[in-house]
Amino acid sequence: MIAIGVIIMLLGFLGCCGAIRENRCMLLLFFISLLVIFVLLLAAGILGAVEEKKVKDWVKERLEKLNPLSSQPENVNKDLERLQEELKCCGLTKGPSDWEKVPDSCRCNATVTDCSSTGTYSTPCAVQVIRLLEKHLEIVLGIAFAIAILLIAGMVFSMVLYCQIGRKDSSAA
């Protein structure tokens, strides 16, 4: 996150400095940087939409690497138990069998629909995490769309300024 913040700060500085000093080189670098970010954002969006199954498999694969859960450090186990309480699930990929000793966060009462006969949630957390991602996909797409519009506006303004500086330089000569 810090690296992304530094990159954004440098890009902002490049664009502002290029506009204030009327430096065509800085404005062109700013435009190219925004264009690269836009293309990467577009590629990630297309890849996410087309390869949805691969994204789901990737999430499951990452979660499977945490098995067996009981052998994880204490802080990871606490986070997993909080996740289980929040999402009303048990285990990561295979359900309660992911744990050697099933924690209290897996316990449920019989009135819950996902509750098994043993009194634990039967749904693995990987399934719940994927459901959560799918549920909030529209919000993520909306934010990505807004960022894309801002990137396009930044590219348009920097190119307009770049061209105006070029005309000003050619008319002054």
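These legends accompany several close-up views of a predicted model. Residues are numbered from 1 along each chain as its sequence is written, and side-chain values use heavy atoms, with hydrogens and water left out. Because the model is predicted, local features need pLDDT of at least 70 and side-chain atom pairs count only at pLDDT 80 or more, while totals for chains, interfaces and linings use all residues.

**View 1. The largest nonpolar core has 18 residues.** A nonpolar core is a set of buried Ala, Val, Leu, Ile, Met, Phe, Trp, Tyr and Cys residues joined through side-chain atoms within 4.5 Å. Buried means under 20% relative accessible area, exposed means over 50%, and partly exposed lies in between (1.4 Å probe, protein chains only). Look for Cys90, Leu92 and Trp99, the residues with the most contacts inside this core. Helix H3 (52-64), helix H4 (74-87) and helix H5 (125-135) each supply at least two of its residues. Which helix gives the most to this core? That is H5, with 4 residues. Helices (H or I, at least four residues) and strands (E, at least two) are DSSP runs, numbered from the N terminus.

**View 2. Here are Trp99 and its contacts.** Contact means heavy atoms within 4.5 Å. Setting aside neighbours within four places in sequence, Trp99 touches Leu69, Ser70, Asn77, Leu80, Gln84, Cys90, Gly91 and Cys106.

**View 3. Cys89 and Cys125 are joined by a disulfide.** A disulfide is a pair of cysteine sulfur atoms within 2.5 Å, and a search of the whole structure finds 3 of them. In this one the sulfur atoms are 2.0 Å apart, and the link is right-handed, with 90° about the S-S bond. Why does the pair tie together parts that are 36 residues apart in sequence? It does so because Cys89 lies in the loop between H4 and H5, whereas Cys125 is in helix H5. Both Cys89 and Cys125 are buried.

**View 4. Cys90 pairs with Cys106 in a disulfide.** The S to S distance is 2.0 Å. The torsion about the S-S bond of Cys90 and Cys106 is about 90°, so this disulfide is right-handed. Cys90 and Cys106 are each in the loop between H4 and H5, and the pair links distant parts of the chain, 16 residues apart. Are these two cysteines buried or exposed? Cys90 is buried, at 0% relative accessible area, and Cys106 is buried, also at 0%.

View 5. With a torsion of about 100° around the S-S bond, the disulfide is right-handed. Cys108 counts as buried at 15% relative accessibility, and Cys115 is buried with a relative accessible area of 17%. If you number the bonded cysteines of the chain in sequence order, the pairing reads 1-6, 2-3, 4-5.

**View 6. Cys25 and Cys163 are in no disulfide.** For Cys25, the nearest cysteine sulfur belongs to Cys17 and is 11 Å away. Cys25 counts as exposed, at 53% relative accessibility. For Cys163, the nearest cysteine sulfur is that of Cys25, 15 Å away. At 34% relative accessibility, Cys163 counts as partly exposed.
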